Amino acid sequence: MAGYLLARAGVPVAVLEKHADFNRDFRGDTIHPSTLQLMFELGLLAEFLKQPHQELRELRVVVNGHAVPAADFTKLPTRCKFIAFMPQWDFLNFLSSHAKRFPTFQLRMKAEVIDLLIDNRRVTGVRAKTPEGELEVRGDLVIGADGRHSIVHTRAGFEQREFGVPIDVLWMRISKKQGDPKQTLGFFQHGKLVVLLDRDDYWQCGFVIPKGAFDEIKARGLPQLQNDIVSFAGFLRDRVAELDDWSKIKLLTVQINRLRNWCREGLLCIGDSAHAMSPAGGVGINLAIQDAVATANLLAEKLRNGPVSIDDLREVQARREWPTRLIQGMQVFIHRRVVTGRASERGNALPFVLRLLKWFPVLRQIPARFIGLGPRREHFHSPTAA
Ligand SMILES: Cc1cc2nc3c(=O)[nH]c(=O)nc-3n(C[C@H](O)[C@H](O)[C@H](O)COP(=O)(O)OP(=O)(O)OC[C@H]3O[C@@H](n4cnc5c(N)ncnc54)[C@H](O)[C@@H]3O)c2cc1C
């Protein structure tokens with residue numbers, strides 16, 4: 001998104017992606033109303049909505065056996081009053097195909113950044129590994145948008161604060177059948193959680209486990225895991241045996257962390273590279289996009305004329321840091337108190353807050369705003385190319 005917006009403003013941009021394509025399934029699929037609004041502002045919405053996707057207008061969860069309507073997106077002050085579920089590879093292919101229409105945009109796949117180029121303490125570019133050999137790319141600004149295991153922030157020597165998260169996620173596919181529930185589903189039970197993402201012809205299943213417990217789960221055997229999944233989502237009983245080999249089950253480690261400084265001369269980190277997000281609330285993708293919009297809003301005009309100063313870069317951090325802190329604070333709270341991956345001793349009663357959501361529909365707009373729009377929503381106002 002940052003590459004798209006900067007190229008749209010006429011800034012020469014080279015995006016380096018280490019994989020040969022965007023086809024990886026270990027990320028979330030949620031495109032929130034705030035991001036859909038940005039697509040509208042960019043004039044891309046109509047075409048975007050032609051891509052295969054599902055629309056979620058109301059978030060329903062099953063908590064200790066009780067179905068709860070938890071968030072109502074239909075009253076949001078946005079063009080699209082729903083979350084669009086679209087696999088991230090479709091989203092990225094869509095965005096990059098549009099970015100390629102700008103003459104100053106270049107996307108280089110199979111180009112893995114392995115180091116930073118530093119002259120006189122200023123970052124002046126990156127060194128990348130490609131099938132044709134090593135490559136040096138120099139520029140006025142390097143943007144580290146390389147995710148949770150960012151080589152960019154590691155090489156920059158940035159200090160990172162870790163917020164302990166007590167969970168990991170097992171990620172697997174289970175086939176869909178006619179008659180299955182229609183919506184993407186979350187099943188909570190006494191501190192445990194199973195999420196099912198509807199990916200058209202299969203369910204992407206996320207099963208929350210206590211951090212470090214995968215070996216213990218493996219030792220208990222596959223039938224036990226299958227039973228555990230069925231105890232959350234009974235309708236999967238007739239096909240959970242598809243999970244007949246551990247190679248079909250991926251362990252995704254969950255982290256929440258944040259850099260103290262997101263920038264130094266010539267370098268800015270955004271998205272998970274600056275602040276790794278957990279899946280809680282399904283907001284990480286949208287937060288990363290909001291960072292990209294703020295980056296373009298604050299820097300595009302200046303980058304058209306050359307390098308930007310460290311103070312310019314600090315402005316991006318200053319703008320995006322408090323929404324990030326707020327959301328990460330919420331995620332840490334959820335992992336410590338609500339979804340811990342371990343069975344709690346509590347009974348089957350519905351927690352009071354959720355009962356309120358059930359009784360007073362108007363309250364469902366609060367989680368809808370927090371999830372769907374997030375704090376400090378960015379609107380796109382960087383320039384277009386002259
Ligand atoms: C299990 C799990 C489920 C989640 N579910 C959701 C969800 O449903 N909704 C949601 O909004 N968020 C979700 N999140 C959080 C979300 O995935 C992240 O917050 C979001 O992907 C961050 O986007 P990003 O662009 O900063 O980083 P990423 O999406 O990680 O993208 C980084 C990109 O950089 C590339 N790259 C990495 N290293 C290099 C390198 N050295 N050289 C070149 N390229 C490189 C990667 O291949 C990748 O394409 C989930 C997270 C987890 C762990």
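Here is a short chat about a predicted model of one protein chain.

Trainee: What helices and strands does the chain have, and how many?
Mentor: There are 11 helices and 20 strands. Remember that this is a predicted model.

Trainee: What does the radius of gyration say about the chain?
Mentor: A compact globule with 386 residues would have a radius near 21 Å. The chain has 21 Å, so the two agree.

Trainee: And what does the C-alpha trace span along its principal axes?
Mentor: About 60 × 45 × 35 Å.

Trainee: How many of the residues count as buried?
Mentor: Of the 386 residues, 51% do.

Trainee: New topic. Where is glutamine 328 found?
Mentor: In helix α9, which covers residues 310-338.

Trainee: Is glutamine 328 buried or exposed?
Mentor: Buried. Its relative accessibility is 1%, and the cut-off for buried is under 20%.

Trainee: Which side chain does the side chain of glutamine 328 make a polar contact with?
Mentor: That of arginine 258, at 2.7 Å.

Trainee: Which residues does glutamine 328 touch, leaving out those up to four places away in sequence?
Mentor: Arg258 is one of them.

Key:
Residues are numbered from 1 along each chain as its sequence is written. This is a predicted model: local features need pLDDT of at least 70, side-chain atom pairs count only at pLDDT 80 or more; totals for chains, interfaces and linings use all residues. Side-chain values use heavy atoms; hydrogens and water are left out. Helices (H or I, at least four residues) and strands (E, at least two) are DSSP runs, numbered from the N terminus. Buried means under 20% relative accessible area, exposed over 50%, partly exposed in between (1.4 Å probe, protein chains only). A polar contact is a pair of N or O atoms within 3.5 Å; within protein, one must be able to donate a hydrogen and the other to accept it, and residues adjacent in sequence count only if both atoms are side-chain atoms. Contact means heavy atoms within 4.5 Å. The radius of gyration is taken over C-alpha atoms; the globule rule is 2.2 Å times the number of residues to the power 0.38.
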